[in-house]
Amino acid sequence: ISCSFTGATLWRPPTDVYETDGEVVVRLEAPGLRAEEISIVLNTDTLVIRAVRHELQHDAKTVYHQLEIHNGYFERVVALPRYIRHEGAQASYSEGFLVVRIPKGEEAAAVTQVVRLRL
C-alpha cells in the first residue's frame, strides 16, 4: 500500500467488490469517518479510497486495557474491470459503510474523475 500521508499509521478496512447486471459495487466497512476527510478517485481501471479515522480524545489519566480499533489513515486501491462507465458513478456513506456504485458499459477511455461522496 502506498499512501501520500506522511508519518501515518496505515490500516486496511474490509472491502467487498462485486458485480450486478448493471454495475460494479465496492463496499468498504469503516465506521467513524468524516465525509469531508474521504477522498474517492475513479481512474480507468482502479478506484482509490483514502480517509482518516481519528482517535477519541481522552484525558491524561486514561488507562487502556485493550486497543483493537484501528485509527489513522488508510488507502485502498481496488482493481476494476475495464468495462465501467465513469459517468453516473455514485458514492454514499451510511451506518459505517462506504458504498461506491459504478455503472457497467463498454471499455473505458483513459480518464480520471474524482467522485465526490454524497450523503
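A contact is defined here as heavy atoms within 4.5 Å. On this basis, residues 24 or more positions apart account for 62% of the contacts in the chain with a separation of 6 or more. The structure is a predicted model, in which local features need pLDDT of at least 70 and side-chain atom pairs count only at pLDDT 80 or more, while totals for chains, interfaces and linings use all residues. Residues are numbered from 1 along each chain as its sequence is written, and side-chain values use heavy atoms, with hydrogens and water left out.

The secondary structure comprises 0 helices and 8 strands, where helices (H or I, at least four residues) and strands (E, at least two) are DSSP runs numbered from the N terminus. Along the sequence, the pattern is accordingly β-β-β-β-β-β-β-β. Of the 119 residues of the chain, 34% count as buried; buried denotes under 20% relative accessible area, exposed over 50%, and partly exposed the range in between (1.4 Å probe, protein chains only).

In soluble globular proteins, nonpolar side chains tend to be buried together. The largest nonpolar core of the model contains 22 residues, a nonpolar core being a set of buried Ala, Val, Leu, Ile, Met, Phe, Trp, Tyr and Cys residues joined through side-chain atoms within 4.5 Å. The residues with the most contacts inside this core are L47, I49, F74, L80, L98 and V100. At least two core residues are supplied by each of β2 (23–29), β3 (39–42), β4 (46–53), β5 (72–79), β6 (90–94) and β7 (97–103). When residues up to four places away in sequence are not counted, L80 touches V24, V26, L42, D45, T46, L47 and I102.

The largest pocket has a volume of about 290 Å³. A pocket is an open set of points, on a 1 Å grid over the protein atoms alone, where a 1.4 Å probe fits, with protein on both sides within 12 Å along at least five of seven lines; lining residues have an atom within 4 Å of a point. Grid points are joined across faces, edges and corners, and the volume is the space filled by probe spheres set on the points. The lining consists of G32, R53, H54, E55, L56, H58, Y64, Q66, L67, E68, I69 and N71. By class, 4 of these residues are nonpolar, 5 polar and 3 charged, with Ala, Val, Leu, Ile, Met, Phe, Trp, Tyr, Cys and Pro counted as nonpolar, Asp, Glu, Lys and Arg as charged, and the others, Gly among them, as polar.

One of the lining residues, N71, is located in the loop between β4 and β5 and is classed as partly exposed because its relative accessibility is 25%. The side chain of N71 reaches the backbone oxygen of I69 at 3.4 Å.

In the loop between β2 and β3, A35 is partly exposed at 25% relative accessible area, whereas E36 is exposed at 64%. The C-alpha separation from A51 is 8.8 Å for A35 and 9.0 Å for E36. R82, in the loop between β5 and β6, is partly exposed at 35%, and its C-alpha atom is 8.9 Å from that of G105, 23 residues apart in sequence. E95 occupies the loop between β6 and β7 and is exposed, with a relative accessible area of 77%. The phi angle of E95 is near 50 degrees, a positive value in a residue other than glycine.

Definitions and conventions:
A polar contact is a pair of N or O atoms within 3.5 Å; within protein, one must be able to donate a hydrogen and the other to accept it, and residues adjacent in sequence count only if both atoms are side-chain atoms.
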